[in-house]
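Dear colleague,

I am handing over the structure that we talked about, and below it you will find notes on what was found in it. Please read them with the structure open beside you.

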Amino acid sequence: MLDKRVADVAAALDGIQDGATVLVGGFGLAGQPIALIDGLREQGAKDLTIVANNAGNGDTGLAALLKAGQVRKVICSFPRQVDSWVFDELYLAGKIELEVVPQGNLAERIRAGGAGIGGFFTPTGVGTLLAEGKETRVIDGREYVLESPIKGDVALIGAFKGDQLGNLVYRKTSRNFNPVMATAATLTIAQVDEVVPVGGLDPEAIVTPALYVDRVVEVGAREWL
Amino acid sequence: MALTRDELAARIAADIPYGAYVNLGIGAPTLVADHLEPERDVTLHTENGLLGMGRAAKGDEIDPDLINAGKIPVIAEPGHAFFHHADSFAMMRGGHLDVCVLGAFQVSVTGDLANWHTGEPGAIPAVGGAMDLAIGAKQVWVMTDLLTKDGTSKLVAACSYPLTGKGCVSRVYTDRAVIEVGPNGARVLDLFGTTLEELNELTGLELTQ
């Protein structure tokens, strides 16, 4: 039977190239693929474009990846937070590029990337700085702005349980960006707390069907839960 | 007397229709949740993927996988549902939420909202879900003090800060007054310990009732 399990985080991240666009799931700690992010720091790929909701908190996870100088550009909705000092310093020193995207447009651009949609007209952002220079159109009397799809070379996904085929389920609000990001990358890598036997996930409740996922690595229960 | 923050939250809660689906923005609007009476059957949406959000979690209830859009641990009400970010913002953008309550730097009499960016040099822009929320409910209400700390009116003829959304706000709840705003201009719906003349003096506008 097909088996997408890999032995460890290093094997899961094998082959990620310099210059890659990496979609990183999670919202706060919930659903953040922390083992994979930490692994990417050790793996060493640089000149990366990171697509995520935030641009790192504190000194760990994404912030550590930024601090190590591996990230050229961040595409996110909310970089500035009370503990985003690593990003803030790099940004204000002109050492990192930033593309700010409204959170719903970010999710939909990634969804479009995964769904083969070439772009979409959205009312979000119309008449604001974030729509400047973009094509607009009036449809049924309402103004919309054209947004482009986002695709990744790699997606790092934080799921709850998976099977060896690559089916995934999430836990509570840790779903967030993960299911859409899983659809939108050439190489989708999922960390899961637990791998269960094939048939062990309720097919009515599988959120990410197996075909989106290329590698599954079991990292064990997260210590903060 | 002008209303306290809590009294204002209670007033907004009382105006939310029975059975409404509601998103409360980060900051002061979250106070509205404390004043929603259970028999009004209001369901709270949080954009990080939960419909049926409850109050902040305490003690053993705290679960880092169950948080709100402000990343605060919450509980979930019976009958809640989880969904991913694209679905969550589709609920919003698609007009399926009845009311959204947001904070503001400025609101114009025509309903323009500025609440994400001061536009000052060196300010790091961070929008989050603000622009999506601003255009994403059937009714978008603003909850704010009428005046900034230095006494400037947040209700203005035209916003000077970068916009979050154009013509998106329908009602502004402040500690001094409730004001309807929109394409036909502003109209004062209610005054709290303030006369219309005083309100016009504070805002520099020519509001009517």
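**A loop residue and its neighbours**

Leaving aside residues up to four places away in sequence, Val198(A) touches Met1(A), Asp163(A), Gln164(A) and Leu165(A), where two residues count as in contact if their C-beta atoms, placed from the backbone, lie within 7 Å. Please keep in mind that this is a predicted model, in which local features need pLDDT of at least 70 and side-chain atom pairs count only at pLDDT 80 or more, while totals for chains, interfaces and linings use all residues. Residues are numbered from 1 along each chain as its sequence is written, and chains are lettered from A and ligands numbered from 1 in the order in which they are written.

Val198(A) sits in the loop between strand 10 (185-195) and strand 11 (215-218) of chain A; helices (H or I, at least four residues) and strands (E, at least two) are DSSP runs, numbered from the N terminus. Although Val198(A) and Met1(A) are 197 residues apart along the chain, their C-alpha atoms are separated by 9.5 Å. Val198(A) counts as partly exposed because 14 other C-beta atoms lie within 10 Å, and the cut-offs are 20 or more such atoms for a buried residue, 12 or fewer for an exposed one, and partly exposed in between.

**Helix 5 of chain A**

Helix 5 (residues 103-115) of chain A has 13 residues and should span 18 Å at 1.5 Å a residue, which agrees with its end C-alpha atoms being 18 Å apart; the expected span is 1.5 Å times one less than the number of residues. Of these 13 residues, 12 are buried, including Leu106(A), Ile110(A) and Arg111(A). The buried residues pack against strand 1 (21-24), strand 5 (120-122), strand 7 (142-147) and helix 6 (178-183) of chain A, and also against helix 2 and helix 3 of chain B. After helix 5 of chain A comes Gly116(A), whose phi is positive, near 75°.

**Where the chains meet**

The contact between the chains takes 38 residues from chain A and 32 residues from chain B. On the side of chain B that touches chain A, helix 2 (85-93) and helix 3 (130-134) of chain B are the elements that give two or more residues, and helix 2 of chain B gives the most, with five residues.

**The nonpolar core**

The largest nonpolar core has 126 residues, a core being a set of buried Ala, Val, Leu, Ile, Met, Phe, Trp, Tyr and Cys residues joined through C-beta atoms within 7 Å.

With best wishes
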